[in-house]
Amino acid sequence: MDIDAVKSSYARWAPVYDRTFGALTRAGRHATVRYINSQPVESVLEVGVGTGLALPYYRNDLKVTGIDFSEDMLKKARRRVDEDALDHVADLRQMDARSLDFPDDHFDVVTAMHIVSVVPEPERVVSEMARVCKPGGKIVITNHFASDKGILAVVEKLSAPFSELLGWHSDFCISTVLANPTLTVVERRSLPPMGVMTFLVLEKSAHVVS
Ligand SMILES: C[S@@+](CC[C@H](N)C(=O)[O-])C[C@H]1O[C@@H](n2cnc3c(N)ncnc32)[C@H](O)[C@@H]1O
């Protein structure tokens, strides 16, 4: 998707997101935040925070920063932070994940839930996530990746031409996020419902100088 399609697509999604795609993908957010909460970490960057559905579930001693390209989605996230008094949310900023406005080696954990198949230039986004993560820190990604067989693979191929309308690529390949040489897979498993989503933890090499 190009960045204009992201903007227009998520302007359409924002009013209904929480009750539709957001509700169907709850398991991925819960697995991701449960993992982060179990780690001895302080600072978290959530890339593509959307309407902020995950924000209420972080440990309240964490310092969470969220970024998203869509002002329409961010408006919902900001309202959630105000209404639920989420004091652990340090900042929510409009930003393109392809050029994160943060220093190198800055966050203990960087996470992206249901966004790597949405962003333009996903390799560049993963590389930016790695850059702003501290050496030895974790990148936690939850996403649907292309199946190589079965009925799901057929559905993904059939819906692939409609990515700009849907707001994501249904046939997005996991190799795109595994290609970064500074990152090593430490956990990879399928999530309910029906294993459609994958939960992935990558560790940034402790010896990388960004
Ligand atoms: C499917 S939603 C996921 C939202 C949230 N992570 C969740 O799990 O509910 C994808 C999000 O990625 C954001 N996004 C897409 N491209 C982006 C980019 N280049 N930079 C930042 N955010 C982007 C969209 O605006 C949208 O909010």
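## Cavity lining

The lining of the largest cavity holds 21 nonpolar, six polar and five charged residues. This is a predicted model. A search of the whole structure turns up one cavity of 30 Å³ or more. The volume of the largest cavity is about 370 Å³. In all, 32 residues line the largest cavity. Closest to its centre are Gly48, Val49, Gly50, Asp68 and Ile115.

Which elements supply at least two residues each to this lining? They are H1, strand E1 (43-47) and E2. H1 gives the most, with three residues.

## Ligand and its shell

The ligand sits in the largest cavity. Around the ligand there are 23 residues. Those that come nearest are Tyr17, Gly48, Asp68, Ala97 and Met113. Gly48 and Asp68 are also named among the residues closest to the centre of the largest cavity.

By class, the shell around the ligand has 16 nonpolar, four polar and three charged residues. Helix H1 (3-13) and strand E2 (63-68) each supply at least two residues of this shell. The largest share comes from H1, with three residues. H1 also gives the most to the cavity lining, again three residues.

A polar atom in the side chain of Asp68 is 2.6 Å from an oxygen atom of the ligand. Arg29 also uses its side chain: an N or O atom there lies 2.9 Å from an oxygen atom of the ligand.

Ala97 contributes through its backbone. A polar backbone atom of Ala97 lies 2.8 Å from a nitrogen atom of the ligand. Taken alone, the ligand exposes 600 Å². The protein buries 100% of that area.

## Asp68 in both lists

Asp68 ties the picture together. Asp68 is among the residues that come nearest to the ligand. Asp68 is also one of those closest to the centre of the largest cavity. The side chain of Asp68 places a polar atom 2.6 Å from a ligand oxygen.

Technical notes: Residues numbered from 1 in each chain as written. Predicted model: local features only at pLDDT ≥ 70, side-chain atom pairs only at ≥ 80, totals over all residues. Heavy atoms only, no water. Near = heavy atom within 4 Å. Polar contact = N/O pair within 3.5 Å; in protein donor to acceptor, adjacent residues only side chain to side chain. Areas by Shrake-Rupley, 256 points an atom, 1.4 Å probe, with all protein chains shown as cover. 1 Å grid on protein atoms, 1.4 Å probe; cavity = no way out; pocket = protein on both sides within 12 Å on 5 of 7 lines; lining within 4 Å. Sits in = over half its atoms within 2 Å of the grid points. Helix = DSSP H or I, 4+ residues; strand = E, 2+ residues; numbered from the N terminus. Nonpolar A, V, L, I, M, F, W, Y, C, P; charged D, E, K, R; others polar. Points joined across faces, edges and corners; volume = space filled by probe spheres on them.
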